[in-house]
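This report describes how the secondary-structure elements of one chain are arranged. The sequence and the model are shown first, and the description follows.

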Amino acid sequence: GYEALIRWQHPERGPVSPTEFIRLAEETSLILPIGDYVLARACDMLVQLRGLGRESLPFIALNVSARQIEDPQLIDRMLAHLEARNLPPGRLEVEITESLVFNQSQIAALIDRCHAAGMQVALDDFGTGYSNLGPVLSLEFDRIKLDQSFTRALDGPRGTGLVRAIVAMTKALDCEMIAEGVETQEQLDALRTVGCDYAQGWLVGKPISLQEVLDSG
């Protein structure tokens, strides 16, 4: 699968960091049309892959912001984009950052809506929010994405022990775990040893353009 990442190449300033313009977009509500743009581009990529004869389409994970979560039409628009292109709902995955799960009833309703439509939901950047396990217990996430700070801690016994415990907790919750920020073979080997399901990072897949995805088939 893939995770959709947005980049801005300004004609005068050059590359603008997402940490800069996404924050401003949230403050001005421009994050809503930006989110719709990313959604359309992700769906179009799936259509292009299908046109190239890709029989098993990958899933694409889309990060959603606090403003998007508050939009009651968010999932309906996602499904409309998929239906317009005759794409199965399971090809999109919603990612919610751990720091956004403070409104558990709102997130629970979103997860229920996604599951009813056949879409999965991931808890992103686990371990960096409020260190509160309550939302993990009560919200039925399909995947938990371990923050890269834990991946970097795998070079020591304490870090390895903590990641092993998080993997066990994830499996007890019937979730899959994705480790973020995997950059070395040693980290990947350690994650395999503790039973992590998936790895994400420069070692296994660097950020690439849409054209590179299509060229790879």
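## Helix packing and sheet architecture

Helices α2 and α4 cross in a right-handed sense. The structure is a predicted model. The contact is formed by D36, L39, A40 and C43 on the α2 side and by R77, M78, H81 and L82 on the α4 side. By class, the residues of this α2–α4 contact comprise 5 nonpolar, 1 polar and 2 charged. Helix α2 spans residues 31–51 and helix α4 residues 74–84; their axes come within 10 Å and cross at roughly 30°. Since angles under 35 degrees count as roughly parallel, α2 and α4 are therefore roughly parallel to each other.

Helix α4 also packs against α5. The axes of α4 and α5 come within 10 Å, with a crossing angle of roughly 20°. This makes α4 roughly parallel to α5. The crossing of α4 past α5 is right-handed. From α4, the residues L74, I75, D76 and L79 meet L110, R113, C114 and A117 of α5. The contact of α4 with α5 has 6 nonpolar and 2 charged residues, and no polar ones.

Which strands make up the sheet, and in what order? The sheet is open and consists of 7 strands, ordered β1-β4-β5-β6-β7-β8-β9, with parallel pairing. Strands β1 (2–3) and β9 (198–199) stand at the edges; each has a single partner strand, so one side of each lacks a neighbour in the sheet. Helix α5, residues 104–117, packs on this sheet and touches β5 (92–97) and β6. The direction of α5 makes about 170° with that of β5.

| Strand pair | Bridges | Direction | Bridge partners |
|---|---|---|---|
| β6 and β7 | 3 | parallel | A122 and R143 |
| β7 and β8 | 4 | parallel | R143 and E176 |
| β8 and β9 | 2 | parallel | I178 and Y198 |

Strand β6 covers residues 120–126 and strand β7 residues 143–146, while strand β8 covers residues 176–179. In β9, the partner of I178 is Y198.

What handedness does the unit made by β8, α9 and β9 have? Strand β8, helix α9 (residues 185–194) and strand β9 make a right-handed β-α-β unit. The two strands of this unit, β8 and β9, run parallel and are joined by 2 bridges. Strand β9 also stands at an edge of the sheet.

Methods. Residues numbered from 1 in each chain as written. Predicted model: local features only at pLDDT ≥ 70, side-chain atom pairs only at ≥ 80, totals over all residues. Heavy atoms only, no water. Axes fitted to C-alpha atoms, helices over the stretch in contact; angles between N-to-C directions. Parallel < 35°, antiparallel > 145°, perpendicular 65-115°, else oblique. Left-handed = near helix turned anticlockwise from the far one by under 90°. Contact = heavy atoms within 4.5 Å. Nonpolar A, V, L, I, M, F, W, Y, C, P; charged D, E, K, R; others polar. Pairing = 2+ DSSP bridges. Right-handed = clockwise from strand over helix to strand, strands pointing away.
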